[in-house]
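Work through the exercises below with the sequence and structure in view. Each task is followed by a solution in steps.

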Amino acid sequence: MNGGLLFYGSSVFLMVMGIFIAITGKHLIKILLGIDLFDVGLNLLIISFGYVNGGTAPIFSKYPHIFKNVVDPVPQALVLTAIVIGVAEMAMGLAIVMKIKEKFGTCNIAKLKELKW
Amino acid sequence: MIRKIIAFLVVFYFGYILYSFIAVNFPFGERPLKGVAAHYVDKGIEEEGATNIVTSIVTLYRGFDTLGEVTVLFLAATGLGLLLAGMKEEEKEKPEPTLIMETTTRYLFPLVLLFGTYIFIHGHLTPGGGFPAGVVIATGYFMMFIAQKQFKPSEYLLSATESFAGTLYVIMGLLGLALAFSFLANVMPLGVPNTVFSAGIIPVIYIIIGFKVGSEMTGILAHLKEA
Amino acid sequence: MAMFYLLLLLVLVGIVSFVLGPIKVLRNIIAFLGAVTAFFYFLTNIKPGLIYSLNIRVYNVHFEAGFSSMFFGVIITALFIIFLIASFHEENDGAYYLFAYLTLTGALAVLFAKDLISFFFFFETMSLFSFLMVLKGKSDTSFRSAFKYLVWSVFGGYAFLMGTFLKVYYTHSVMIGDISYLAGGVKLLILILLLAPFAVKAALMPFHLWAPDAYKDSKDTFTVFFSGGLSKIGVFGYFLVLFKVFTEIAVKYPYFLKAFAWLGAITAALSGIYAFMQDDAKKLLAYSSISQLGYVAVGFGIYTHFSVVAALFHALGHAVFESLLFLVVAGVYYRTKTTDLRKMGGLIKRMPLSFIGLLFGIIATSGIPPTIGFPSKWLLYEALILKGDLLLTSLVFFASITAFLYSYKLVHGIFLGKLHEEHKNVKEAPLGYAFGTVVLLVPLLVLGIIPGLVIKPIDYIVRFYLKPELGYNLANMNTPLGHVNFPVVGLVMGLTFALSLFIYLIAGKSYRAEQTDNYTATEAIDEDFELHYAGEFYGFMKKAFGRPLTWSFEKILNAFLKLFSFLGEVARGFYMGDARVYLFYVIAFFALLAYLMGGKL
Amino acid sequence: MNNLILFMGFGLSLVLVVATFVVWLSKDLLVAILGSAVVSLVASIFFLILQAPDVAITEAAIGAGLTTGILLYAMKKAGRYEDD
Amino acid sequence: MVSPILVIALSLFFAFVIPLLGMVSKKLPRLVPPLAMLVNLWILITNIKFVSRGAMLVTTAGLKPPIAINLAIDRFSLLFVILIQLIGLLLSVYYLSQDNRDQRFYMLFLLNILGASGIVMTGDIFNSFVFLEILEISSFGLVASKKDRKALEGGFKYMVIGAIGSSLYLLGIIVLYLTTGSLNMAEIAKLMPHIPESIKLFAALLLLAGIGVEVELFPLNAWAPDAYHGAKDEISTQLSSIISKAGIYLAARIFFTIFNGFYALKIIFYLGVITFVIAELAALMQKNVKRMLAYSSIGQMGLLMLILSLVAKRGDVFVITTVILLALNHAFGKGLLFLSLGALSGGNGEYEIENLGGNGRANPLAGFLFTVGALSIVGMPFFFGFWSKISALISLMKTNVIYLIALVLVISLVEIYYYGNVIVNLFRGEGKKYGISIVPAAVMILFALFVIVFGIWPHPVFQIAQSAAVSLIERTTYISSIIGGM
């Protein structure tokens with residue numbers, strides 16, 4: 001019952017459910033929601049990789065700092081970027097979904113099959 | 001129905017592989033800091049002066065990434081604008097915002113902006129930096145979009161601040177290149193750690209990012225509102 | 001080095017004639033001069049023992065002019081000149097001549113190429129630009145046939161490339177050299193692959209499907225060069241592969257040669273039968289050209305000294321009389337604007353010179369003495385009998401009978417019978433065609449009477465590889481079976497012909513009746529009564545051979561196409577259009593690979 | 001990481017699971033979007049537990065605040081119910 | 001000397017400046033992309049002489065790698081950047097003739113080229129993830145910018161697959177970071193032997209999923225036909241000529257320099273074969289010329305990746321030279337095909353073979369250019385495609401994969417069949433005449449010139465490709481020139 005099961009478990013669960021929602025969703029926004037869940041799960045997984053037992057946040061408010069057991073700051077920096085990129089993708093995707101609704105009249109993915117074979 | 005089951009089985013198997021791999025190879029919490037991370041933690045403050053190591057990584061050590069990230073946001077804003085330009089707005093009647101909402105948002109709006117500016121000015125000291133600050137400002141505007149009937153920030157102002165902040169960011173980078181022969185180098189004095197005017201160009205960058213992200217996100221919300 | 005500059009010159013002439021497109025006269029003169037220089041280069045360089053090699057740095061291309069390349073070079077350039085002269089009458093744009101010259105360059109460069117990759121390069125150039133020439137053809141179906149020709153010739157080219165890579169893989173040398181020392185069946189595979197493009201070019205049976213349409217639909221004057229000249233590349237290829245690339249083929253794979261001979265014989269017989277079924281003059285000639293090339297393949301298949309000499313001689317003969325026939329038909333088309341036998345007839349009165357040209361052409365096709373066709377056919381039969389393969393000999397005899405049939409149908413359809421109304425005032429073929437006809441008649445007769453003139457160089461080529469058994473001098477030949485004196489045989493034929501002509505003239509004194517001056521079953525014949533029955537000329541033959549002929553090679557091709565379109569159907573089935581399924585692909589891809597690599601994870 | 005926080009973490013992960021099922025099953029997109037906002041919120045709290053305050057603030061602001069806002073606007077335009 | 005990082009900084013600067021210029025006058029934004037590309041090309045060309053052996057290190061944030069991000073530019077990446085900027089310049093000149101463009105389109109276009117050149121120049125894998133994101137978001141934005149049903153559908157599919165692909169790519173990077181402790185490509189390459197086998201394989205699979213989407217390998221390229229088919233012709237040109245080239249570079253850099261041909265290249269070998277066969281057979285069945293070109297482009301990419309993966313068997317300079325030749329032929333030949341298809345169909349988007357019949361005769365220049373492009377892609381002599389196809393077959397032979405030569409030749413025959421079918425159809429009967437203005441025609445002729453001139457005399461391109469291949473093959477010099485000491 002250590003922390004690993006909690007964080008790894010929930011992040012992998014989120015990724016699995018995210019993909020599943022994206023694959024079986026009927027509405028375009030449901031698919032984007034699935035991808036968003038997958039990204040949240042992935043970010044959670046990356047941060048939980050960086051965790052060090054007993055570590056504190058990498059912010060040293062007191063100076064001179066005494067070297068203490070600190071959590072790995074690099075994954076946090078990467079996730080910061082990943083979150084912003086995730087939202088940028090989401091915004092573009094939603095713009096396309098809105099235009100599809102305007103042009104196709106419906107948001108049902110099954111109707112979005114004009115380009116095939 | 002069958003497709004759902006097959007999809008679930010494959011995705012579940014994907015999750016199972018992922019979980020079994022990471023549980024075996026990267027046990028939770030037992031990974032000591034090594035390599036680059038150890039360097040950042042040890043020398044972070046001497047080299048960059050910011051007490052918040054994550055901020056110094058985001059803005060300086062990996063400043064080029066953040067420049068790319070800002071570009072991604074800028075890209076999303078432009079792409080959204082391009083796609084949604086000319087969408088006709090149906091005149092569904094919008095519910096009238098109640099008096100309480102209108103007045104509270106009018107008073108709350110400056111506080112939210114103040115909170116946002118506080119975050120990006122203290123980016124290098126306290127957690128949270130340019131990005132959340134910009135988003136907080138944007139949510140302030142978002143609140144105004146919902147609550148006020150005819151609140152409409154000027155389109156030109158937003159794209160002007162956005163471009164201006166962007167060019168300023170690149171100029172900061174070029175400054176680093178000119179003075180220290182390396183793009184985005186920390187050319188300003190580091191000052192005393194843990195004080196507001198410290199850690200060289202980090203606060204400047206975070207201020208720029210704050211403005212940029214704020215105006216961009218507001219622009220995105222404005223486009224979405226009209227479309 | 002001279003040959004590289006020659007090729008460069010030809011390309012330059014092509015470009016110049018493209019640039020000078022609109023100024024017809026100037027362009028024609030330059031084009032003509034270019035062809036003549038090429039012809040004289042080859043003529044002057046026919047010297048025994050002539051081999052010079054040249055290494056050009058571009059992807060280290062090697063050139064080497066052997067004696068056989070000179071021999072074929074002369075044929076191809078001569079025909080190119082005749083094609084050029086005739087083509088000045090048609091209105092062609094500059095691009096037509098550019099493509100013509102590039103085809104010629106490709107063809108000549110193939111003769112010179114020493115290493116296999118540059119051989120493939122020039123072979124593909126020739127195929128590409130001759131495809132463009134056929135594409136410029138006159139009728140609307142010329143697109144389909146040009147496309148079919150391109151696909152077939154590229155199929156040949158790629159088979160050759162596959163053979164090249166196999167050879168280089170096993171012998172580590174890209175030069176055209178001997179592979180008979182290789183162990184195992186791979187040398188048979190290399191042999192077949194290297195032979196395929198030449199079988200396609202010389203229209204051997206299973207690979208001939210493109211030939212009838214391509215010959216029919218390309219511009220008439222170009223067909224002269226196309227069927228006469230370019231098919232010689234196929235023959236050159238036979239010689240190259242069967243002698244230079246695989247010297248001990250007779251010892252190692254005799255049954256392959258027998259199969260090759262049988263294939264040639266079947267081609268000769270079957271396309272002969274197809275030929276006399278056709279109602280279109282050019283299609284008929286196309287099939288006759290394939291059938292004659294079949295004899296050449298038989299000659300190579302028997303692989304004795306004078307069977308190969310016969311094959312090469314027949315190739316030369318084919319170049320002469322086939323292009324003569326195509327030239328005459330082109331002249332007729334130029335005047336009457338049709339090649340359909342049913343619509344023509346009685347042109348002997350209007351176009352006597354063309355008639356004479358065609359007459360001697362079909363005499364040569366059937367292999368009757370005074371003409372060039374006779375010595376090669378005679379040598380071929382000698383070789384067949386000496387070889388002792390009686391079944392094959394009988395099939396070849398049957399094939400030459402079909403030659404008679406389609407030749408007569410051709411001459412009857414065009415020149416004999418009743419002259420149609422619209423052809424009343426048709427003039428003789430224009431000067432360009434007439435000149436070509438006369439020029440071709442000369443070798444047709446001269447080489448028929450004194451074949452020694454050409455046998456000497458041909459024998460020189462073959463002597464290098466096979467033990468010579470043929471005694472010959474300028475005018476006669478003696479083989480183990482017997483002795484023949486060509487001038488005498490020619491004389492006898494001439495006398496009998498003259499005698500019969502004399503009898504016809506004096507006997508006919510009694511009453512010279514007009515064609516329409518007769519009656520059938522009490523019905524008076526007026527002007528437009530259809531006396532001419534060129535159409536169903538061999539109707540009864542069709543009924544006799546009808547059913548086996550329906551089974552054509554087209555069926556195999558369609559089966560192939562069906563297979564590929566089925567595979568295509570399966571392939572594009574993966575892209576079913578639903579974004580979610582594509583997403584599923586990504587995850588399934590990862591899961592599958594992780595599962596397959598399970599052991600190491 | 002003492003047991004109290006772990007216990008709270010598991011409680012939150014239950015909320016997470018429920019929110020995910022809501023997003024998956026609900027036909028009404030508004031509920032689905034709010035479900036994803038809850039998921040983002042829980043993730044932000046997890047980030048806090050994992051000693052990553054910067055990321056927590058960003059995730060809270062962007063994940064819960066902005067993404068939900070954008071999704072709502074898009075839903076306004078793109079139809080609220082799933083099977084239309 | 002001018003630091004190559006300016007290529008990215010200045011492009012970004014120009015992108016930010018466009019809206020400001022847009023306020024001044026509507027005409028100005030069109031001029032910014034060509035200007036930006038010219039400046040970039042000038043910077044890159046002046047840097048050629050500084051990049052001789054190993055990679056030129058360009059640091060950021062004033063610190064040496066692996067602490068900070070750096071650009072690692074060796075001759076291989078320089079060749080790709082110059083190719084990307086050159087085709088970007090040609091396309092931006094092509095856009096000059098269209099004046100009804102929204103200024104934001106030019107910003108998206110500029111950022112797309114920035115993303116591609118960023119990927120090719122960066123020496124840090126997370127940085128390559130960020131640039132990959134820029135590239136993918138801007139390209140599905142460009143695809144959807146035509147705003148009609150097909151474009152939106154293609155854009156949406158590209159977006160969905162691109163999002164998942166790049167997330168897996170990110171996870172792969174993180175796994176590599178966790179085991180090596182650094183994000184710098186050279187450092188990871190140096191530490192690669194010490195990584196346990198199973199982790200190396202898992203990271204390779206994850207990265208392969210991400211790059212596979214970009215390089216259009218079989219199961220991951222389902223988006224490509226729809227994206228090519230839906231997008232406007234110039235955007236399809238950009239997709240096939242620029243974006244896939246960045247993908248090839250990334251695959252070469254990650255799977256050869258970093259993983260040193262570990263399992264990944266073996267997997268790519270089989271995937272490349274499957275992609276090549278399936279895409280070409282699918283192209284055979286197409287009635288729509290644009291979709292056929294899309295499938296043919298995927299097929300060419302499959303062949304290219306197949307040849308790239310041979311480098312694992314025998315690290316041979318000739319194999320990489322062939323990859324570069326194939327990439328150049330694909331960039332110019334396929335680009336020419338898409339552009340001339342646009343000119344042939346008058347940009348109104350009906351690409352069915354029937355209603356394109358005779359258009360080649362009606363507008364002769366576009367017809368001629370389309371034929372040149374097709375003949376080069378197919379590998380006819382006197383075209384650059386011939387040399388790339390022959391060297392592809394030779395490299396197959398050099399790595400003892402003889403049976404594959406037969407397969408490649410059979411599939412090339414299929415290719416000639418469907419291209420020949422289109423060409424022949426173009427010149428049959430009467431077609432509709434569409435005017436074509438000077439600038440697009442000039443751009444297309446430049447594309448065609450490359451293919452023809454280097455088809456006749458391929459030697460200069462061989463030299464350049466050879467020197468670039470050498471710098472990729474010498475993995476250790478790359479690593480030592482970046483982080484010093486192997």
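A residue is buried if 20 or more other C-beta atoms lie within 10 Å of its own. The model used here is predicted.

**Exercise 1.** Decide whether helix H19 of chain C lies largely in the open or is largely buried.

Solution. Step 1: H19(C) covers residues 486–507, which is 22 residues. Step 2: of these 22 residues, two are buried. Step 3: H19(C) therefore lies largely in the open.

**Exercise 2.** Describe the side of chain A that touches chain B.

Solution. Step 1: the contact involves 41 residues of chain A and 47 residues of chain B. Step 2: in chain A, helices H1 (3–24), H2 (28–50) and H3 (73–104) each supply at least two residues of this side. Step 3: H3(A) gives the largest share, 16 residues. Step 4: by type, this side of chain A has 28 nonpolar, 10 polar and three charged residues.

**Exercise 3.** Find which element of chain B has the lowest mean pLDDT and which the highest.

Solution. Step 1: chain B as a whole has a mean pLDDT of 85, with 96% of its residues at 70 or more. Step 2: among its elements, helix H2 of chain B (residues 36–48) is lowest, with a mean of 82. Step 3: helix H4 of chain B (residues 63–84) is highest, at 92.

How values were computed: Residues numbered from 1 in each chain as written. Chains lettered and ligands numbered in written order. Predicted model: local features only at pLDDT ≥ 70, side-chain atom pairs only at ≥ 80, totals over all residues. Contact = placed C-beta atoms within 7 Å. Helix = DSSP H or I, 4+ residues; strand = E, 2+ residues; numbered from the N terminus. Nonpolar A, V, L, I, M, F, W, Y, C, P; charged D, E, K, R; others polar. pLDDT = per-residue confidence, 0-100. Expected span 1.5 Å × (residues − 1). Buried ≥ 20, exposed ≤ 12 C-beta atoms within 10 Å, placed from the backbone.
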